[in-house]
Amino acid sequence: MRYSQILLPTLKESPAEAEVVSHVLMLRAGFMRKLTAGIYTYLPFGLAAIRKVENIVREEMNRAGAQELLMPMVQPADLWRETGRYEKYGPELLRFHDRHERESCLGPTHEEVITDIARKELHSYRNLPVNLYQIQTKFRDEIRPRFGLMRGREFIMKDAYSFDVSDEAAGISYMKMYDAYKRIFTRCGLEFRAVQADSGAIGGSFSHEFMVLAKTGEDTIVICKDCEYAANMEKAVVKLVASATTEAPADLEKVETPGKRKVDAVCDFLGIESSRLVKTLVFKADGNPVAVLVRGDHEVEEVKLKNLLGVADVEMADDLEVFNATGVPTGYLGPVGISIRVVADQEVAEMRNFYVGGNEKNYHLKNVNFGRDFQVEAVADLRQITAEDPCPECGGRLEMTQGIEVGHVFKLGTGYSQSMNASFQDSDGQEKHFVMGCYGIGVSRVVAAAIEQNHDENGIVFPMPLAPYTVIVLNLGIKDEALTAVAEKVYRELQAAGLEVIIDDRDERPGLKFKDADLLGIPYRLTVGNSFLKSGKIEIRRRSDGITEEMTPDQAVASLHARISAELKQQ
Ligand SMILES: [Zn+2]
């Protein structure tokens, strides 16, 4: 491809509309342009990156035995009414009437359409399992579309749906997709984790989210440095390390803590570590007060509390609400003699001779012991995991990081097949509902996430498998016949070697050509400049680490061919 001929409108400045780095860089690098809120035109270079992801996805889906089809974007409301989703789905579902006043919607997802296909076309257990997928434009009418391709209204998605005879068979289909997703994101050259998204408690459903690790990600996840464990913060299980203390319970004492209400102030005043103190926090569980005990240096995880109490909503009570419920002023609440329900984090039960609020202004209690001095309704893992905790799987070291969700695999069960009465005849002659799974990948989002993970102050640093071109040849002597001849020759030879190469043949300053090459993130840059006239050598520079080497044009072509083939094979 010739730079002088491709539509690749790069920008020097960051556009004001862009808030996140992938959005800024995709606009600056001329990947796309906004048509209206959350809706973009993909320009040739951006589309080329999207196609790279699509090709990897398609190859791995096919390899896993899935079959590609293409469903319509416009869907009749009646189909959505069968599952109750036409009413239940929020305003993200764009509903409209066609010229015959028929209600319709633009598909944000395709469970209804695919289940309709299955009930009409799959009749026997002999047809199963089947996994059908498409790569297609989806529409979700987000209220506040932002971050470019990260949360657009229109986006490209791969969605797959599996149909099986039983739960067990559906589990096999699920694992096939799980493995395919691992191969897909590995082949994309991305650092990612599969995060368990659902505990599996509800209706046999089960799911994993695939997260690309990036400091700018919206979701906080905890990952193990020593094994593959990864979890959302609110799901991460804290492994209880049993206390090894042989300390004998000492006599309960009341200690004065005048005006000391915060954990740090109390601990400083008493000269103790915050891990020796137990905080008593009051939450409103569906409106009713519950006290939660947690070590002074830990935080309560509200999702875990909600699950333990079996309520829809928990919220921290404010000072006045705490006083009204307990009669104790803020900062001095404790479990000894408390009048409301109490639950405790599991670690509190392991502690000996600790400190708590004295349920009286300006007082705390010392040498408090669980069981002897107070009782609780339940003991459970109720706190947020920290980087100091051991990995719940292997005991290894944990790390907190941010992630961007790019894929989701989900065991659906029979919810859709029951509501739409989609069934097949099993080997025993019985009519049974299909057991389904669904599997999504945000194809356009993968490109944005790849940029969030791989960039520097000069622009994008594409992982080799996603780069629209793997080499850019800079001809710095457009008006010099000798230099132009060399640049054109290496360009032709690289193409002949099967590499995806673009030549910057524009009549522009060298400085601008260097800047654009960096911005576009093409993995290798080949520079043909004045030094060739003296030394007979041209320069190869790798975008990821800036390492440069000089060699003859023939050597450069051979070297790039070898390196790029090797790097692509590694994935
Ligand atoms: Zn681990």
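Helices (H or I, at least four residues) and strands (E, at least two) are DSSP runs, numbered from the N terminus, and two strands count as paired if DSSP finds at least two bridges between them. What you're looking at is a predicted model, where local features need pLDDT of at least 70, side-chain atom pairs count only at pLDDT 80 or more, and totals for chains, interfaces and linings use all residues. Residue numbers start from 1 along each chain as its sequence is written.

**The five-stranded sheet**
- Here 5 strands make an open sheet with mixed pairing, in the order β28-β27-β29-β30-β31.
- β28 (501-504) and β31 (548-551) sit at the edges with a single partner strand each, so one side of each has no neighbour in the sheet.
- On average, neighbouring strands here are turned by 20° against each other, ignoring direction.
- β29 (residues 524-528) runs antiparallel to β30 (residues 538-542), and 4 bridges join them; L526 has I540 in β30 as its bridge partner.

**Helices on that sheet**
- Helix α12 (residues 481-496) lies across β27 (471-475), β28, β29 and β30, at about 165° to β27.
- Angles run from 0 to 180 degrees between N-to-C directions, using axes fitted to C-alpha atoms (for helices, over the stretch in contact).

**Strands around β19**
- β18 and β19 form a hairpin with 5 residues between them, and N359 in the turn has a positive phi of about 55°.

Key:
Contact = placed C-beta atoms within 7 Å.
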